[in-house]
Amino acid sequence: MAELATKTRPTGAIAVLGRHGFPQVTSATGGEIQIVTGPSQAGFNPIDLLYASLSACLAMSARIAASQMGLLDRVSEIRADVSGEKSTEGLSRVVKFNAVLTIRGDIPAEARHAIAHAAEEEICTVSNTLRGGADFSMTVLD
């Protein structure tokens with residue numbers, strides 16, 4: 001598969017939370033999102049954002065893979081549905097991600113599987129990071 005040209009842009013996010021209320025998250029590029037924590041509240045909680053990151057990355061990566069394979073003009077829609085399973089013991093964490101990739105268009109099943117494989121295993125930064133066990137560094141400021 002051809003090497004991807006990486007364009008750099010500011011990345012990262014800052015969450016600000018007061019004594020009461022919910023976190024307000026701002027991306028390095030100025031995007032904002034309000035976080036919710038109640039189970040019946042509409043909106044994103046932190047785990048939803050994790051699933052959203054993976055689903056968006058897989059969908060975009062599948063489109064890149066289809067383009068690299070010369071199949072993009074045959075794609076009408078790509079959908080990535082992501083959910084997960086949280087640990088019932090030990091640390092609070094997601095122990096399994098479940099992703100369903102739907103590629104609509106005039107594309108043979110074998111090519112759909114090749115697109116999905118390339119998206120998940122080669123292109124998607126989020127899936128590669130989740131599988132790769134990235135290092136974690138934290139600094140506490142006074």
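**Strands, helices, cores**

In β2, S27 is the bridge partner of A13. Keep in mind that this is a predicted model. That bridge belongs to the pairing of β1 with β2, residues 24–27, which is antiparallel and runs over four bridges.

The sheet itself is open, with three strands in the order β1-β2-β3 and antiparallel pairing. On average, neighbouring strands are turned by 20 degrees against each other, direction ignored.

Now the helices. α1 packs against α3, residues 125–132, at an angle of about 125 degrees, and the axes are 7 Å apart. That angle makes α1 oblique to α3. On the α1 side the contact uses L50, S53, L54, C57 and L58, and on the α3 side T125, V126, S127 and L130. Sorted by class, that contact has six nonpolar residues, three polar and no charged ones.

Last, the cores. The largest nonpolar core has 12 residues, among them A62, L71, I103 and I123. Two or more residues come from each of α1 (46–68) and α2 (109–123), and α2 gives the most, with five. Leaving out residues up to four places away in sequence, A62 touches I78, L101, I115 and A119. There is also a second, separate core of nine residues, including L54, C57, A59 and V82.

Technical notes. Residues are numbered from 1 along each chain as its sequence is written. This is a predicted model: local features need pLDDT of at least 70, side-chain atom pairs count only at pLDDT 80 or more; totals for chains, interfaces and linings use all residues. Side-chain values use heavy atoms; hydrogens and water are left out. A nonpolar core is a set of buried Ala, Val, Leu, Ile, Met, Phe, Trp, Tyr and Cys residues joined through side-chain atoms within 4.5 Å. Buried means under 20% relative accessible area, exposed over 50%, partly exposed in between (1.4 Å probe, protein chains only). Contact means heavy atoms within 4.5 Å. Axes are lines fitted to C-alpha atoms, for helices over the stretch in contact, and angles run from 0 to 180 degrees between N-to-C directions. Angles under 35 degrees count as roughly parallel, over 145 as roughly antiparallel, 65 to 115 as roughly perpendicular and the rest as oblique. Ala, Val, Leu, Ile, Met, Phe, Trp, Tyr, Cys and Pro count as nonpolar, Asp, Glu, Lys and Arg as charged, and the others, Gly among them, as polar. Two strands pair if DSSP finds at least two bridges between them.
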